[in-house]
Amino acid sequence: MEPSPLELPVDAVRRIAAELNCDPTDERVALRLDEEDKLSHFRNCFYIPKMRDLPSIDLSLVSEDDDAIYFLGNSLGLQPKMVRTYLEEELDKWAKMGAYGHDVGKRPWIVGDESIVSLMKDIVGAHEKEIALMNALTINLHLLLLSFFKPTPKRHKILLEAKAFPSDHYAIESQIQLHGLDVEKSMRMVKPREGEETLRMEDILEVIEEEGDSIAVILFSGLHFYTGQLFNIPAITKAGHAKGCFVGFDLAHAVGNVELRLHDWGVDFACWCSYKYLNSGAGGLAGAFVHEKHAHTVKPAMDDLQCDIKLKGNLFAYGQRRK
């Protein structure tokens, strides 16, 4: 049985267990997954922490020279070995050229974000002109909601999953309050059924169908930070559009982790960070996506606060105004 190009991890485990005629938790399944992993060689491109260098490790139980088994990529990705080289190149340029480094070199600082947009387009499945690399995730989320959340007396709700990432929850509360609305009435959360940890797709679609006429924006995680649930982005987007809603996603735990096709799926907007599964390091630039169909219809709402929109063809991206 050949693996599907879009095979989910749980399906891969079940497929291999069936081929080996064993339980999915059998060690042979893990060993087969290692054999099939076409990306395993990339492991050598990263520094793996050693047991001896980690706090609170009982070295009587492990060898101090062992590599750690790292399960914290959802918080901070491991350091690529080339980072030091790239940083030293920029420090050397700064030392030798000073302010001229803004304009010259392989990575001119003044357009540093633009020099790597082409690397991001395939990761999120978008056109270059639909992506901006800037700020931090929650700042970008606020900027996007300021443009897409335009509540009316009839359509005033933001729909999200229960127990969304806390900063998303707070950002949505803030945006609702900014418009003078009641959070209890305008913040609609979809909860798992009693006794269950994850949301059923039919329950999400039912809420959209029944309450969609009062929902202005649907904002879900692409992949839930706590449960690991991968949401059906194209299905949620399609259902939301059918009811006249804007649909956006926080892709913090999805980008670099699962396949994304934001443009083809018709997602209206999205944002993400880069220090988790993209391994950019703490403080790395975040990203924002706005579908090109909105380039000339949805306008930024913060011009008076020195944020503007840069239009290059159909480019829809926010940038700080330089004076």
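Two strands pair if DSSP finds at least two bridges between them. Helices (H or I, at least four residues) and strands (E, at least two) are DSSP runs, numbered from the N terminus.

Now the source. This is a predicted model, in which local features need pLDDT of at least 70 and side-chain atom pairs count only at pLDDT 80 or more, while totals for chains, interfaces and linings use all residues. Residues are numbered from 1 along each chain as its sequence is written, and side-chain values use heavy atoms, with hydrogens and water left out. pLDDT is the predictor's confidence in each residue, from 0 to 100. The protein chain averages 91, and 91% of the residues score at least 70. Over residues 304–323 the pLDDT stays under 50, and the model has 43 contacts for them beyond four places in sequence. Contact means heavy atoms within 4.5 Å.

Back to the strands. β2 (residues 157–161) pairs with β3 in the parallel sense, over four bridges, and Leu-159 has Arg-188 in β3 as its bridge partner. β4 and β5 also run parallel, joined by five bridges; there, Leu-219 stands opposite Gly-248 in β5.

How much of β5 is buried? Four of its five residues are, so β5 is largely enclosed by the rest of the structure. Buried means under 20% relative accessible area, exposed over 50%, and partly exposed in between (1.4 Å probe, protein chains only).

Next, the cores. A nonpolar core is a set of buried Ala, Val, Leu, Ile, Met, Phe, Trp, Tyr and Cys residues joined through side-chain atoms within 4.5 Å. The largest has 32 residues, and Val-124, Ile-218, Phe-220, Ile-236, Leu-251 and Trp-272 have the most contacts inside it. Elements that each supply at least two residues of this core include α4 (117–124), α8 (201–211), β4 (215–221) and α9 (233–242). Apart from it lies another core, of 27 residues, among them Leu-143, Ala-171, Val-183 and Ala-288. Beyond its neighbours within four places in sequence, Ile-236 is in contact with residues including Met-201, Ile-218, Phe-220 and Phe-249.

Ser-214 sits in the loop between α8 and β4. Is Ser-214 buried or exposed? It counts as buried, at 16% relative accessibility. Leaving aside neighbours within four places in sequence, Ser-214 is in contact with Lys-154, Arg-155, His-156 and Lys-157.

Leu-230 lies in the loop between β4 and α9 and is partly exposed, with a relative accessible area of 36%. Not counting residues up to four places away in sequence, Leu-230 touches Leu-8, Gly-222, Leu-223 and Val-258. Leu-230 and Pro-166 are 64 residues apart in sequence and 18 Å apart in space, C-alpha to C-alpha.
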